[in-house]
Amino acid sequence: MAELARPTGGGLAVYGRLVSAGVRGRVYRPGWLLVRTIGSGLIILADGFAVALVVDRFGTLAGWSAPEVVLLVALSAAGQGLGLLLGDRLEPTYFSELVRRGTFDQVLVRPTSPLAWLIATQVEARYVGRLLAGVGMVAWAADRSGVVWSGGHLLVALLALVCCATLVLSICVLGAALTFATVEGSEVVNIFIYGGVTLTGYPVQIYGSVLRFLFVWVVPFALAVYVPALVLLGRTGPPGLPAALIWVSPVATAGFTGLAALGWRHGLRHYVGTGS
Amino acid sequence: MRAYLALVSAGFRRQAAYRLALVSGLLTNLFFGVVRTSLFLALYQARPGAAVNGLDYQDALTYVWMIQALFGVIWVSWIWEFPESVRSGDFVTELTRPGDPWLRQLAYELGRTGQLLVFRSTLPLLGAALVLPLALPTTVPGALATVASMLLAVVVSFEVRYLFGLAAFWTADFRAPFSIAFPLLWLVGGFTIPVDYFPGPVRAAAEASPLSAMVMAPIHVAIGWPAWPVLAGQAAWVVVLGLVSRGGLALACRRMVVHGG
Amino acid sequence: MTPAVPGSRPDPDAGQRERARPDPRRRGAGIEVAGLRKEFRTRHGRVAAVAGIEFRVAPGEFVGYAGPNGAGKSTTVKMMSGVLVPSAGTVVVDGLVPWRERRRLARRMGVVFGQRTQLWWDLPLVDSLDLVRHLYHMEEPTWRRRLDELASLLGLGPLLSQPVRALSLGQRMRAELAAAVLPGPRVLFLDEPTIGLDVEAKAAVRGFLRHLNAADGTTIILTTHDLDDITQLCSRLIIIDHGRIVYDGTIDDLHTAYGSTRMLVVDLADPTAALTTGPDWAGAQVVRAEGHRRWIRFARDQISAAQLVALVLDRHQVIDLSIVEPDIEDVIRRIYRGEAPPATDG
């Protein structure tokens, strides 16, 4: 018998199987999962409905009509759904439990990247509800705002979805990395995941300069969602945040993701260096 | 009686132990408060000086900060503790102790939410009051009425959560009914936008439900609605839901004894 | 294609030589630990969980790693498996530095944690094992052959289609072992694998580990509190206490060093025969007699088993005899308590 475990090959397919195993393992209660998925979607719809109602009452929000605002809400909600689908279990409460029980050590002795393993095996299927509801709302809002679905516009919408999801996932990863150092302190990331997405649901010009700077250039949610929405709606955008910045969106997202990856590596090294 | 007071104090001290959670809770309150303040300020700019559905912009801002104050005490983070203890069987010991388990839980809960109210809720609210033109009561009776209304809201929310928790006696999927109901409670309760903005019939339905006793009531009292009718309505719900939840517990216990939970 | 001959030039990546049985001596991994320290910062200052330990494990050795709770066992194993970085000193496992080449080592290493599972709780066992195949990039035919072999060795046949949560503790531990050795690791770290198992399950696990070490030559490091594990499986025992090694040697040497006793059990042809000991029996004593059977206790540092057997055979007709290893627990307890071994002279 030579080496039974080969050193290379396979790559991504393994993670696909891990996702499948993780989801299958938890679907032995399919009814329950369906309920939570629907519930997850209904929350988004309720939010969208409420926003549409209130903006309609007032006629306009900083020059944006109700359907246009709902487009923002929908894009950010869908992105959040996709991001949390992958990253929800990295949240401090769950992740700290994983570390405390020693389960994380078990992950470390696997021949895979620990982060990829954690994400792949802990997909939270119920967030599909949020994603689908968000996409549905995007369709509704786009229709009401007169968005033309050209090939380019479809790509832009997809870009917004993917960038927002990537940002949410990156924040989750940062949260997990922080959990290595301090458990309760890392709860702070939830503010960005939930607060950040809520904030992005409204046109960015309503906020003060500090918030605007924070969410355009530091945690670039506005670049991920607001700017693509500008492009879809054919708006030029406020000074300082024109639609032309669409080219910056993926770059900024990638930059933030890189930071998150660095943070994770640092946290992991710290953990392996000092133990639990 | 002393036992119940001791529970209140125990609950208070238990919540006080989570220092960092308090800080992150305060920051969360602050963040959402600022975001939604910006929203309403921008909305009212389109209709300067006007009142929409009876709310002018000071009322709306007061709504924002009071919702932040109420959120953590209405939908508490420990919402699943009770049904989990039922599922795991720990709750049985509660039933073997002398006294009233429902009252005991209420007492403990009041202690915990009391701590949150004092430290996590009022600080951002008062801070916002210094910076923004909120429509908070300026008289002592007004302030007292608001506090009373908040306390009544907490009790109503306890009872509502208790009802959902009772599901644990019947099914292991006790989160399911809540999961489906929550979006409705969220919307109709007024957590995203004030119920006042809803179209006529929906608004009437919302205000007739216990949700308004839980959420909008203290806000209405704060912005200056006549306090007594609101407080009376809340008290009525406290009684009704109290009877229903206690009845539910009795039913559940009988079932448990018969079936051997 | 010549079969591998012990002592010839080893070629571990010889995929073509699958059919030949390679030299078990080169199958397992070697471990070298030198000057190893691990300090943690706690409320009470710097605490050394491992305070300078040193040992070498040859490929194919079966080493027991024992010590009181908090002695530093799991810290050492974590450093050997790459989960923890030492404060000082070196560890080399199978030619790799564990924490630096963690994933490479992971491919050649198996770890079984006694009370935690690496299997997917709600899926059928075979699905977990299939995932192992993909994780370690095993070829399908290789995997299938290995699976069949392990299933028959560990009696997993009827269990394969059941979800892991439905298995008893004993069945689950056998499944964990299968999952851990399926990719043919060169070193296996076991952390309390027999804890909580009944007698039959323990026997099954031990039998399997013995086979694994003998047939595949896998190096095995067994951390355990169960002394029967040690006596039945390990050729060597390392005892750690307060972060330092207090004993490193064979079981026999342990007895010799700490002067413990053994028991010679003889079945005499004549049940009425009186087995008396004399001055030349060097302190050996008959401690029990039942029918044919006599139990003779002797101190190994005073008389060897062979000599004693010769003495008995000389005087009596013996149907059968055996040597019973004494209670190692007693010996280890003395070591834990810090008793220095008495001076030995040959």
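Which residues of chain C are linked in a network of salt bridges? They are C:K202, C:R206, C:D226 and C:D229, where a salt bridge is taken to be a side-chain nitrogen of Lys or Arg within 4 Å of a carboxyl oxygen of Asp or Glu.

Before I go on, please keep in mind that this is a predicted model, in which local features need pLDDT of at least 70 and side-chain atom pairs count only at pLDDT 80 or more, whereas totals for chains, interfaces and linings use all residues. Residues are numbered from 1 along each chain as its sequence is written, chains are lettered from A and ligands numbered from 1 in the order in which they are written, and side-chain values use heavy atoms, with hydrogens and water left out.

Buried residues make up 52% of the 261 residues in chain B, buried meaning under 20% relative accessible area, exposed over 50%, and partly exposed in between, with a 1.4 Å probe and protein chains only.

In chain B, B:R175 pairs with B:E84, with the closest N and O atoms 3.7 Å apart. Because B:R175 lies in helix 8 (residues 175–189) and B:E84 in helix 4 (residues 81–88), the pair ties together parts of chain B that are 91 residues apart in sequence. B:R175 is partly exposed, at a relative accessible area of 27%, and B:E84 is likewise partly exposed, at 27%.

In chain C, C:D122 forms a salt bridge with C:R165, and here the closest N and O atoms are 2.8 Å apart. C:D122 sits in the loop between strand 5 (109–113) and helix 4 (125–135), and C:R165 in the loop between helix 5 (140–154) and helix 6 (169–181), so the bridge joins parts 43 residues apart in sequence. C:D122 counts as buried at 18% relative accessibility, while C:R165, at 41%, counts as partly exposed.

Conventions: Helices (H or I, at least four residues) and strands (E, at least two) are DSSP runs, numbered from the N terminus.
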